[in-house]
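Hi everyone, thanks for coming. I'd like to take a few minutes to walk you through one structure, so please have a look at the screen.

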Amino acid sequence: MKELRLKILTALIALLLTGATATDMSAQEDFRFEAGAGLGMSGYLGDANTANLWKNPGWDAELLLRYIANPRWGFKTGLYIGGLSGDSSQMTNVYPDGNTYKFTNTFYELSETAEFNFFNFGMGETYRKLRRFTPYITAGLGITAWSVDSKFGAALCIPLGVGAKFKLNRRWNVGLEFLMKKVFTDSFDGEALSDPYTIRSSFMKNTDWYSTLTVTISYEFSKRCEVCNYKD
């Protein structure tokens, strides 16, 4: 009888150790950072295009670094480069003296955004109800610099948008993100369009926005806790 009890106790200890090892291994796959890149298209709304965001679609490329705070929250540093264009002759609006304006813009953006996932995003422990797919909302603050007709400018911008992420495996993710970005200036589309109605500009009259629709691929790294030990 003692022998049987000893065998049962040994089996229980082995089972507990196996479970603890499995938990540690699962925890080892929880990462703190994510780096990646993306390509997509850009759009513009402003004095040379007041209605159709995709009237003259441009392009954008992105490098990103994301801090994964937990399965619901992430904080992304994004570096963008892209191109935009507009042509006021395509609008129904008419400027004074029948003037028309065209521009081509190359922009550079550095932004910090916070992301809220609608589902717990990840793979691993079932008790955390992790999902491989989640939509999310995002907002933040950035700086945009641009070049129009060999003239350079820079201003603050506010990116707002939505996105979706999918885990290919524990480390690799793909995503799609749409952002609208309000620029705190009215010369993003060139000096000629900073005041086409010859009305002194103000913050409330600034009309320049641009957008990015980007497909990304990213890789998670820096294990959050390879060995977790409690110390009093």
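**Overall layout**

Going along the sequence, the order reads α-β-β-β-β-β-β-β-β.

Before we go further, a word on what we're looking at: this is a predicted model, in which local features need pLDDT of at least 70 and side-chain atom pairs count only at pLDDT 80 or more, while totals for chains, interfaces and linings use all residues. Residues are numbered from 1 along each chain as its sequence is written, and side-chain values use heavy atoms, with hydrogens and water left out.

Now some totals. Of the 232 residues, 38% count as buried; buried means under 20% relative accessible area, exposed means over 50%, and partly exposed is in between, with a 1.4 Å probe and protein chains only. As for contacts, meaning heavy atoms within 4.5 Å, take those with a separation of 6 or more: 67% of them are between residues 24 or more positions apart. The accessible surface is about 13,400 Å², and 64% of that belongs to carbon and sulfur atoms. Those areas come from the Shrake-Rupley method with a 1.4 Å probe, and for residues only the protein chains shown count as cover.

**The core**

Let's go inside. A nonpolar core here is a set of buried Ala, Val, Leu, Ile, Met, Phe, Trp, Tyr and Cys residues joined through side-chain atoms within 4.5 Å. The largest one has 14 residues, and the members that touch the most others are Leu 84, Phe 107, Trp 146, Val 183, Phe 188 and Tyr 210. Which elements give two or more residues to this core? They are β3 (73-87), β4 (102-117), β5 (133-148), β6 (151-167) and β7 (172-183).

Take Leu 84 as an example. Beyond its neighbours within four places in sequence, Leu 84 is in contact with residues including Ser 42, Tyr 44, Phe 107, Phe 188 and Tyr 210.

Thr 144 sits in strand β5 and is buried, at 0% relative accessible area. With neighbours within four places left aside, its contacts include Phe 107, Cys 157, Phe 188 and Tyr 210. The side chains of Thr 144 and Tyr 210 are also joined by a polar contact of 2.8 Å. By polar contact I mean a pair of N or O atoms within 3.5 Å; within protein, one must be able to donate a hydrogen and the other to accept it, and residues adjacent in sequence count only if both atoms are side-chain atoms.

**Salt bridges**

For a salt bridge, we ask for a side-chain nitrogen of Lys or Arg within 4 Å of a carboxyl oxygen of Asp or Glu. That rule gives eight of them.

Lys 76 pairs with Glu 62, with the closest N and O atoms 2.9 Å apart. Lys 76 is in β3 and Glu 62 in β2 (residues 59-68), so this pair ties together parts 14 residues apart in sequence. Are these two residues buried or exposed? Lys 76 is buried at 2% relative accessibility, and Glu 62 is buried at 3%.

Next, Glu 115 bridges to Arg 66, with the closest N and O atoms 2.8 Å apart. Glu 115 belongs to β4 and Arg 66 to β2, so the bridge ties together parts 49 residues apart in sequence. Both Glu 115 and Arg 66 are buried. Glu 115 also meets Lys 165 in a salt bridge of 3.1 Å, N to O. Lys 165 lies in β6, so here the linked parts are 50 residues apart in sequence. Lys 165 is buried, with a relative accessible area of 8%, and for Glu 115 the value is 0%. Together with Glu 34, the residues Arg 66, Glu 115 and Lys 165 are linked in a salt-bridge network.

Finally, a nonpolar patch of about 740 Å² is made by Leu 65, Phe 133, Phe 166, Leu 168, Trp 172, Val 174, Ile 217, Tyr 219 and Phe 221. Patches use residues with over 30% relative accessible area and no salt bridge, joining like charges within 9 Å and nonpolar side chains (Val, Leu, Ile, Met, Phe, Trp, Tyr) within 5 Å. The biggest contribution is from β8, with three residues.

Note on methods: Helices (H or I, at least four residues) and strands (E, at least two) are DSSP runs, numbered from the N terminus.
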